[in-house]
Structures are given as C-alpha cells and as structure tokens.
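Okay, thanks for coming, everyone. Let me put the structure up and then walk you through the ligand site and a couple of ring pairs.

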Amino acid sequence: MTQIAKNLHNILQKIEKSAQKAQLSNHRTLLVAVSKTQPAEAIEDALLAGQRLFGENRVAEAQSKFIDLKKRFSDIELHLIGPLQTNKVAAAVALFDVIQTVDRPKLAEALAKEIKKQGRTPRLFIEVNTGLEPQKAGVDPETTGDFLAYCEGTLGLKISGLMCIPPADQDPTPHFALLKKLAESLNLPFISMGMSADFEKAVELGATHVRVGTAIFGERRQ
Ligand SMILES: *Cc1c(COP(=O)(O)O)cnc(C)c1O
C-alpha cells in the first residue's frame with residue numbers, strides 16, 4: 001500500500017468514527033481529496049486506492065492534470081475550491097463537476113451564461129465568509145439568502161450547497177455550526193467544511209463534504 005492509500009484509509013475511518021460519535025446514522029460525509037500543487041502521480045496513487053472526488057483551487061493547474069486523468073477515470077468528480085475569475089468561467093464550467101466558490105453576482109451571471117451556452121451543469125455551492133474577514137472571498141452570512149434568491153430566481157441557476165473556510169486563527173466550531181444552520185434554513189442539501197486540521201469536527205457538525213489535502217498527500221509542493 002502506498003502512503004497516500006494508507007492516509008486515505010485512515011481519514012475515511014476517522015470520518016466514519018466521527019459520524020458515529022455524533023450519531024449521524026443516515027448521514028454520509030464525502031471526502032474531497034485536495035490535490036493542489038501535487039503531481040499527477042500522487043493523484044494516481046489516490047485513484048488506485050479508490051478515491052474519486054478531488055479538489056483543485058486553480059483552473060489552469062486543474063486542466064493540466066485532470067483533462068487527461070478524467071479520460072482515464074471517467075468517474076472522477078472534480079471540485080473547484082479556489083476563487084474563480086470571470087475570464088476563467090468557460091474553462092471551469094467545461095472541466096469541473098462541482099464549483100464550490102460562487103461568491104458574487106458577477107461570477108454568478110457569468111456562470112449562468114456559460115452553463116446555458118455549454119449545456120454542462122456543474123453543481124454549485126455558495127462560499128460563505130462566516131468570519132466576515134475583509135480579505136477573504138465569500139458572501140456575508142446575513143446576505144446569503146438574498147444572493148441565493150438572485151442566483152436561483154433571477155439567473156435560473158440551481159444552487160446545491162454552501163462552503164466555508166473559517167478564519168485560520170479561530171476555533172472553527174462556531175463557523176461550522178453557523179454554516180450548517182444557514183444551509184438548513186435555506187434548504188440546501190450540501191455543506192462543505194473542514195480541512196486536514198479539523199475535518200472530524202466538521203463531520204460531527206454535519207458536513208456533507210470535507211476537503212482534505214495535506215493529511216492525504218503530505219506537504220504541498222510549492
Ligand atoms: C488547500 C485547501 C484545503 C485543504 O487544506 P489542508 O489543510 O491541506 O487539508 C481545503 N479547502 C480549501 C478551500 C483549500 O484551499
């Protein structure tokens with residue numbers, strides 16, 4: 001077994017344990033393996049271990065690795081977890097299966113246009129800035145309902161979930177709880193939260209997707 005296969009196995013077990021601990025019986029948390037900066041060979045190790053959900057934060061880097069890999073492994077589900085510029089929307093819609101970082105009207109408008117044009121419909125999550133950090137992307141929790149209504153009502157986009165990246169220097173617990181509450185109140189089924197350091201907590205608090213990089217692949221290569 002490769003180290004990556006071992007790490008994946010470990011993390012899946014921890015996810016299972018956390019779900020049991022929180023008595024989330026019919027709840028399933030999916031593991032998104034964050035492969036940014038990792039070479040295609042590392043991703044192949046994960047694929048051979050059975051992993052199919054991957055997260056990348058840059059469109060060009062994802063293209064360079066996953067256009068090929070998706071031809072060889074047709075059931076890969078690729079998630080965009082980094083900020084998306086409007087000039088990359090066409091490429092993102094063509095490649096990604098889930099875009100987790102819908103965070104502003106201009107981007108939503110560009111996505112609506114491109115989805116119509118390509119006839120390809122990646123699942124969309126709204127990124128919420130639960131810590132109200134000025135330097136961070138994401139919609140203010142207070143206005144997420146309005147933004148959702150704009151995306152769905154005005155633009156005709158289907159939104160499936162919410163994601164957040166809590167402030168690095170804080171206990172993530174209240175942020176996870178807030179995202180969960182917000183998703184429930186807006187009737188959105190998917191909740192993406194939790195990374196290498198805190199995915200178990202996120203599972204306990206109801207994450208449907210955790211995004212784990214270094215705990216699977218080791219330190220990033222850049
Ligand atoms: C890099 C990244 C992750 C993974 O972080 P690790 O700490 O390596 O698990 C998760 N989510 C987002 C948005 C990221 O950019």
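So, which residue has a polar backbone atom 2.8 Å from an oxygen atom of the ligand? That's Thr214. Keep in mind that we're looking at a predicted model here.

Arg220 puts an N or O atom 2.7 Å from a ligand oxygen, and Arg211 has one 2.9 Å from a ligand nitrogen. On its own the ligand would expose 390 Å², and the protein buries 89% of that. The shell around the ligand comes to five nonpolar, three polar and three charged residues; among them are Val34, Lys36, Ile81 and Met195.

Now, Arg211 sits in strand E8, residues 209–212. Both faces of E8 are covered: His209 and Arg211 are buried on one side, Val210 and Val212 on the other. E8 pairs in the parallel sense with strand E1, residues 30–34, over four bridges, and Leu30 has His209 as its bridge partner.

Okay, rings. There are two aromatic pairs in the structure. Phe54 and Phe66 have ring centres 5.6 Å apart and planes at 50 degrees, so that pair counts as tilted. Phe54 is in strand E2 and Phe66 in helix H3, 12 residues apart, and both are buried.

Then there's Phe125 with Phe190: centres 5.9 Å apart, planes at 25 degrees, so this pair is stacked. Phe125 belongs to strand E5 and Phe190 to strand E7, so the pair ties together parts 65 residues apart in sequence. Phe125 is buried at 0% relative accessible area, while Phe190 is partly exposed at 24%.

Technical notes. Residues are numbered from 1 along each chain as its sequence is written. This is a predicted model: local features need pLDDT of at least 70, side-chain atom pairs count only at pLDDT 80 or more; totals for chains, interfaces and linings use all residues. Side-chain values use heavy atoms; hydrogens and water are left out. A residue is near a molecule or strand if one of its heavy atoms lies within 4 Å of it. A polar contact is a pair of N or O atoms within 3.5 Å; within protein, one must be able to donate a hydrogen and the other to accept it, and residues adjacent in sequence count only if both atoms are side-chain atoms. Accessible areas come from the Shrake-Rupley method with a 1.4 Å probe; for residues, only the protein chains shown count as cover. Ala, Val, Leu, Ile, Met, Phe, Trp, Tyr, Cys and Pro count as nonpolar, Asp, Glu, Lys and Arg as charged, and the others, Gly among them, as polar. Buried means under 20% relative accessible area, exposed over 50%, partly exposed in between (1.4 Å probe, protein chains only). Helices (H or I, at least four residues) and strands (E, at least two) are DSSP runs, numbered from the N terminus. Two strands pair if DSSP finds at least two bridges between them. Rings of Phe, Tyr and Trp (its six-membered ring) pair if their centres lie within 6.5 Å; planes under 30 degrees apart count as stacked, over 60 as edge-to-face and the rest as tilted.
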